[in-house]
Amino acid sequence: MSNEDLLLLDFWVSPFCMRVKIALAEKGLSYESKEEDLFGGKSELLLKSNPIYQKVPVLLHNGKPLNESAIIVGYIDEKWPSPPLLPACAYGRSQARFWADYIDKKLFDAACTVWRSPGEAVEVAKKDFIEVLKVLEEALGENNFFGGETFGFVDIVAIPMAFWFYASEKFGNFTVEEECPKLSAWIKRSMQRESVAKVLPDPEKVYDFVIMFRKMQGIE
Amino acid sequence: MASDQVTLLDLWASPFGMRVRLALAEKGVKYEYSEQDLVNKSALLLQMNPVHKKIPVLVHNGKPVCESLIIVQYIDEAWKDKAPLLPSDPYQRAQSRFWADFVDKKIYDLGRKIWTEKGEDQEAAKKGFIDSLKLLEGELGDKPYFGGETIGYVDIALVPFYTWFYAYETTGNFNIEAECPKMIAYCKRCLQKETVSKSLEDPKKVYDFVVMLRKKFGLE
């Protein structure tokens with residue numbers, strides 16, 4: 001039983017929840033996790049803890065709720081400073097926040113639009129998605145991680161999106177490895193980290209989820 | 001620091017730019033203001049913000065910081081000896097970031113819909129806008145500012161949008177004070193501070209700007 005009372009309101013396939021799980025693992029923190037049924041009926045606790053957006057993830061620390069995944073990861077980093085997820089200098093931190101924000105604004109939507117697009121619209125969606133990946137690849141440069149030599153805030157924000165790429169690749173008929181080899185190498189490198197490996201779901205299961213979701217939304 | 005070179009690439013009417021001006025004023029930082037032409041973007045802007053090509057951009061000793069809330073956090077950390085903008089407690093910081101993010105997600109987009117949409121879409125935007133302001137009123141409670149006794153991060157995120165309220169009201173044909181008197185009282189209280197009044201633009205000038213944009217987009 002850990003000293004800290006940490007409860008995560010979770011959904012297995014959510015990349016946003018994944019961010020929080022990876023951050024907690026990086027800090028060596030143990031926590032309880034409660035799977036929410038987002039389609040069947042959200043729990044009272046979720047609705048009470050996140051009344052404005054009614055979304056996961058929610059992290060409850062000693063009963064006090066925190067919402068919005070990037071904000072939760074920032075909190076975890078500030079509350080348990082070792083090992084640090086953000087650079088020490090103000091400028092480095094601003095750059096990390098910029099890329100986390102870029103990923104939030106662009107990456108998930110671009111990836112999902114590929115498998116959400118009916119028929120010929122897939123090609124446009126695929127082009128847009130690859131453009132976003134290339135911007136990120138350029139930002140990564142020759143570094144091992146977005147955090148430089150060490151896995152950090154931006155890596156945590158980005159890597160859960162990667163297990164959704166398989167669905168985009170199948171629907172768009174391309175591979176991230178061919179289009180962005182350096183980014184692909186970063187994905188493989190990050191997935192080898194224990195904090196990431198133990199929480200990532202099977203991409204095939206995510207793909208099955210996407211198929212089900214498309215049927216639900218009437219996309220063909 | 002005497003040798004600091006600080007330049008702000010901005011557009012006078014931008015509430016995002018006003019956030020940065022206000023943060024710099026709160027910290028007593030001297031800077032060069034550079035008005036940008038967003039129709040014919042300058043080489044400097046494109047060089048300093050190649051990803052989004054938007055203002056505001058803060059250039060500090062030649063290094064650019066982009067995205068208004070990221071800039072405000074950077075200003076808070078780079079000039080940390082005066083007027084802290086974020087609380088020191090990690091949970092309170094997370095709450096401040098949550099509410100500033102709420103302003104970003106709701107106020108700008110809904111406000112924009114008010115002056116660009118018509119009919120049912122405009123009505124829906126007005127309702128969403130008022131609902132969002134009411135949630136913010138709830139969060140403010142009895143405090144003079146969101147930052148408590150002094151202006152803080154959430155105040156800086158929100159109060160520049162007050163300069164656009166007159167434009168929203170006039171194009172949307174509604175009265176914000178009638179629906180949200182506490183919010184208007186709060187905004188007027190903020191304007192009594194010199195840092196705020198000198199950082200915010202005249203709402204009537206902003207309205208003229210909106211009329212010009214509406215004509216340009218064929219909305220008038």
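These questions and answers cover the chain contacts, salt bridges, cavity and pocket of a predicted model.

Residues are numbered from 1 along each chain as written, and chains are lettered from A in the order written. Local features need pLDDT of at least 70, side-chain atom pairs count only at pLDDT 80 or more, totals for chains, interfaces and linings use all residues, and side-chain values use heavy atoms, without hydrogens and water.

Student: How many residues of chain B are in contact with chain A?
Tutor: Contact means heavy atoms within 4.5 Å. Chain A puts 24 residues into this contact. On the chain B side the count is 25 residues.

Student: What area do chain A and chain B bury between them?
Tutor: Buried area is the accessible area (1.4 Å probe) that two parts lose on being put together, summed over both. Carbon and sulfur atoms carry 67% of it here. The total is about 2300 Å².

Student: Which residue of chain A meets B:Lys105 in a salt bridge?
Tutor: A salt bridge is a side-chain nitrogen of Lys or Arg within 4 Å of a carboxyl oxygen of Asp or Glu. Six of these join chain A and chain B. For B:Lys105 the N to O distance is 2.9 Å, and the partner is A:Glu68.

Student: Which element gives the most to the side of chain A that touches chain B?
Tutor: Helices (H or I, at least four residues) and strands (E, at least two) are DSSP runs, numbered from the N terminus. β4 (64-67), α3 (69-79) and α4 (90-116) of chain A each give two or more residues. With twelve residues, the top contributor is α4(A).

Student: How far apart in sequence are the parts that A:Lys134 and A:Glu179 tie together?
Tutor: The closest N and O atoms of this salt bridge are 3.9 Å apart. A:Lys134 lies in α5 (residues 121-140) and A:Glu179 in α8 (residues 176-179), both of chain A, so the pair links parts separated by 45 residues.

Student: What is the volume of the largest cavity?
Tutor: On a 1 Å grid over the protein atoms alone, a cavity is a set of points where a 1.4 Å probe fits but cannot get out; lining residues have an atom within 4 Å of a point. Points join across faces, edges and corners, and volume is the space filled by probe spheres set on them. The lining includes A:Phe146 and A:Trp186. The volume is about 40 Å³.

Student: Which element gives the most to the lining of the second largest pocket?
Tutor: A pocket is an open set with protein on both sides within 12 Å along at least five of seven lines. This one holds about 830 Å³, and among the residues closest to its centre are A:Trp99 and B:Val51. Nine lining residues come from α4(A).
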